[in-house]
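This report describes selected features of the structure shown below, arranged by topic.

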Amino acid sequence: MPKPHHLDEKVIQTRRDIVRMVHGAKSGHPGGSLGCTEFLITLFQNHMNYQLPFDMDGIGQDLFFLSNGHISPVFYSVLARSGFFSIKELSTFRKINSRLQGHPTTHEGLPGVRVASGSLGQGLSVAVGAALSKKLNQDSTLVYALLGDGELQEGQNWEAIMFAGGNDVDNLIVTVDYNGQQIDGATQDVLPLGNLENKFQSFGWQVLTNNRGNDLYSVKEGLENALKVAHKSKPIVIIMKTEMGNGVDFMMHSHQWHGIAPNDQQLQSALDQNPTTSLGDY
Amino acid sequence: MQPSSYTNTGNIDTRSGFGEGLSYLGETHPRVVALCADLTGSLKMSHFKKTFPSRFFQVGIAEANMMGIAAGLTIGGWIPFTGTFANFSTGRVYDQIRQSIAYSGKNVKICASHAGITLGEDGATHQILEDIGLMKMLPGMTVINPCDFNQTKAATIAIAKHQGPVYLRFGRPKVPNFTNSNLGFEIGKGLLLEPGNDITIVATGHLVWESLLAREVLKTKGVSAEIINIHTIKPIDEQIIINSVQKTKCIITAEEHNYHGGLGETVARILSKRHPVIQDYIATQDTFGESGTPAELMKKYGLSSDNIVKKSIDLIKHK
C-alpha cells in the first residue's frame, strides 16, 4: 500500500488555503472543509485514477462528485494543487468574475467540477447516473461521491440509495462525512440520523466504517478496502467519522465554524497552527 | 365545421407521438436512453423499454432522483429522455432541474405528458397549468409544446439532436392529428398555418386545432384570422409574430396554461418592446383545474374554439 506520510505537508498547505480563502472572501465554510482535507487529498493524490487536462465525460477515468458543495474551499484547494487549474486562482474564491463560485458549478467551466452542487441532497443521484453511464459504456472505472451527514436529511438521497441498492450499482463508492454537525447544531439535536450503517445495509449497500477520517493512513486504508468490494453487485458506502474544523483548535468540537469566516486575528492563529510549507501559499 | 386546409386524419394522443418518436430514436440514435418514474404505459414508453431494455431505466416513484440520474447519465455521452406527468416533471422537481440540469448545462430531455387541464378526471392535483412558466424561466432551457401526434413525434426526434436541456410538453387526450407527417421539426420556428388580415391568433399545443376551428367560424362572420402555430415557446419565433401583427394590428394568444407565465406573456413581452398592439389571452385565469372530461374542462375554462371566436370579435372592436 502506498505510504501516505508524504501527504502531511499537503494537508497543512490545504488547511492554510482553506482559512486564507474564506478569510479573503469574508465568507465561506471552513469547518467541513477542514474536516475533509485528509480525505480529498488522499482521494485525488493517492487513490483515484484520472487524467489531466480535465475532460467532462471522463471515459476510462475515475470520477468524483461533491454533493456537500459548501465545502468548496477544500475541493478547490485540492483540485488546484492536483493540477486541475492554477493555484493562484484560489485567490479569486467567491469574488466577482471568478470560476471559483461560492458553491461549485460547471457554469464557469472550472476544471474538476462535473455538476453544480450545494443545494443539498442532489449529488448522489447524479453520481448514480454517472455510474450507470459507465456501465453502459462498459467502462470499469469507478464513481466516487462525498456526502455530508446532515444532508442525508434530504429525502432525495434515500431515493438514490434505494435505486442504487436495488439496481446493483456496484461501481459507486460513496463516503459520508460523518462529523455530526450542521448549521443549527449537532445533527443529533437538529434531526437524528439514526443508525446509518443499518439504514444503508437495509437498502442493500455494502457498508464500511472508518472512525479516523482525519488520519491519512486510515483514509487510504478505507478507500483500499472499498476497492476490494467494488464490482461485487452492491454499491459501497464508507461512513467516515471526521472532526469539523480539524487542524484549527478553535474551530473544532463545535458547529460554530460551519459557515463563518475568521477575522484577521483568528486567521493568524489558524496559520500559526499550520505553519508555512515548502509548497507555498497561493 | 372543419378547417378548410387541414384534415384530421384521426384522433390520437400526442403522448403516442412521443412514444413513437422515442422508439424511432432507439433505432437511429444509439446514445439515447430513457428513464421513467412508474408511468411507462401512460408515457407510451413501453415499446422502447421492451426493445432497448439496457437503455431504459425504471426509477420508481422518485422523480427527483430521476432528474439527478439523468444529469449523471449525460456524463459519458448519453442523451437521457425522462418521462413522467408534466406536474411531476416540473414543479415537483424544480430545484433538481434548476441545479443539476439547467445550471449544470446537462443535455437532458424532460418529456412531460398529461400537461394541462385535458388530463381530465384525475383533477387539479395532476393538472399542471404553470409548467411552461416554470420551465421558460430557467436560463438555457428550451420549451416545446407541440400540437398533435405528428408534431410531437417530430419534436421528440428533433430534440435528440439539440445540445442542451429541453422541456417537451404533451398531453393525454385523443385529439385531431392534422399536421403533415413529413414536415420535420425546426426548434424555434413558428409555422404560419393560415393567412389572414384582421386578427392574429398565435396558438400552442391543443389550442392550435381549436384556433383552426375558430378561424372557420370567424370567416362566416366576415373576420379573416391569421393562424400561427408556436410550438416552441422558448426560444420563440419573434419575427413571425411581428410580421403578422404589422398586418392585423391585434393578437390573441391561445394556450392550455395559466395566463401568468405562459405563451401569452412571452408574446406580450416581445410586442410591448418591438410592436405594441392590443392583445387578449386564451388561457386559464389564474385558477386550478378540476375533474371532468377534457372537452368539458376545455369549455368551462374558456379554452375552446367558441371562446376564441368570442374574444376575437371583441378584440377587433378595440383596434
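At 16% relative accessibility, Glu89(A) counts as buried (buried means under 20% relative accessible area, exposed over 50% and partly exposed in between, with a 1.4 Å probe and protein chains only). Its salt-bridge partner is Arg99(A), with 2.7 Å from N to O; a salt bridge is a side-chain nitrogen of Lys or Arg within 4 Å of a carboxyl oxygen of Asp or Glu. Both Arg99(A) and Glu89(A) lie in the loop between α4 (72–81) and α5 (123–136) of chain A, so the pair ties together parts that are ten residues apart in sequence. Arg99(A) is partly exposed, at 27% relative accessibility.

The model is predicted: local features need pLDDT of at least 70 and side-chain atom pairs count only at pLDDT 80 or more, while totals for chains, interfaces and linings use all residues. Residues are numbered from 1 along each chain as its sequence is written, chains are lettered from A and ligands numbered from 1 in the order in which they are written, and side-chain values use heavy atoms, with hydrogens and water left out.

## Salt bridges of chain B

Over all chains, the whole structure holds 23 salt bridges. One of them joins Asp314(B) and Lys317(B), at 3.8 Å from N to O. Both residues belong to helix α12 (residues 305–317) of chain B and are three residues apart, about one turn of the helix. Helices (H or I, at least four residues) and strands (E, at least two) are DSSP runs, numbered from the N terminus. Asp314(B) is partly exposed at 31% relative accessibility, whereas Lys317(B) is exposed at 62%.

Salt bridges that share partners link Glu194(B), Arg215(B), Glu216(B) and Lys219(B) into one network. Within it, the closest N and O atoms of Arg215(B) and Glu216(B) are 4.0 Å apart. Arg215(B) is buried, with a relative accessible area of 10%, and Glu216(B) is buried at 8% relative accessibility.

## The parallel sheet of chain A

Five strands of chain A form an open sheet in the order β1-β2-β3-β7-β6, with parallel pairing; two strands pair if DSSP finds at least two bridges between them. The edges are β1 (63–66) and β6 (206–210) of chain A, each with a single partner strand, so one side of each has no neighbour in the sheet. From one strand to the next, the twist averages 20 degrees (axes are lines fitted to C-alpha atoms, for helices over the stretch in contact, and angles run from 0 to 180 degrees between N-to-C directions).

β1(A) is joined by four bridges to the parallel strand β2 (residues 143–148) of chain A. Leu63(A) has Val143(A) as its bridge partner in β2(A). Helix α9 (residues 216–229) of chain A packs on the sheet and touches β2, β3 (172–178), β6 and β7 (236–241) of chain A, and its direction makes about 170 degrees with that of β6(A). Contact means heavy atoms within 4.5 Å.

## Backbone geometry

Most residues other than glycine have a negative phi, and most peptide bonds are trans. The peptide bond from Leu52(A) to Pro53(A) is cis, with omega near 0 degrees, and Pro53(A) sits in the loop between α3 (37–46) and β1 of chain A. In chain B, Lys234(B) and Pro235(B) are joined by a cis peptide bond with omega about -5 degrees.

Asn97(A), which is not a glycine, has a positive phi near 65 degrees and is exposed at 76% relative accessibility.
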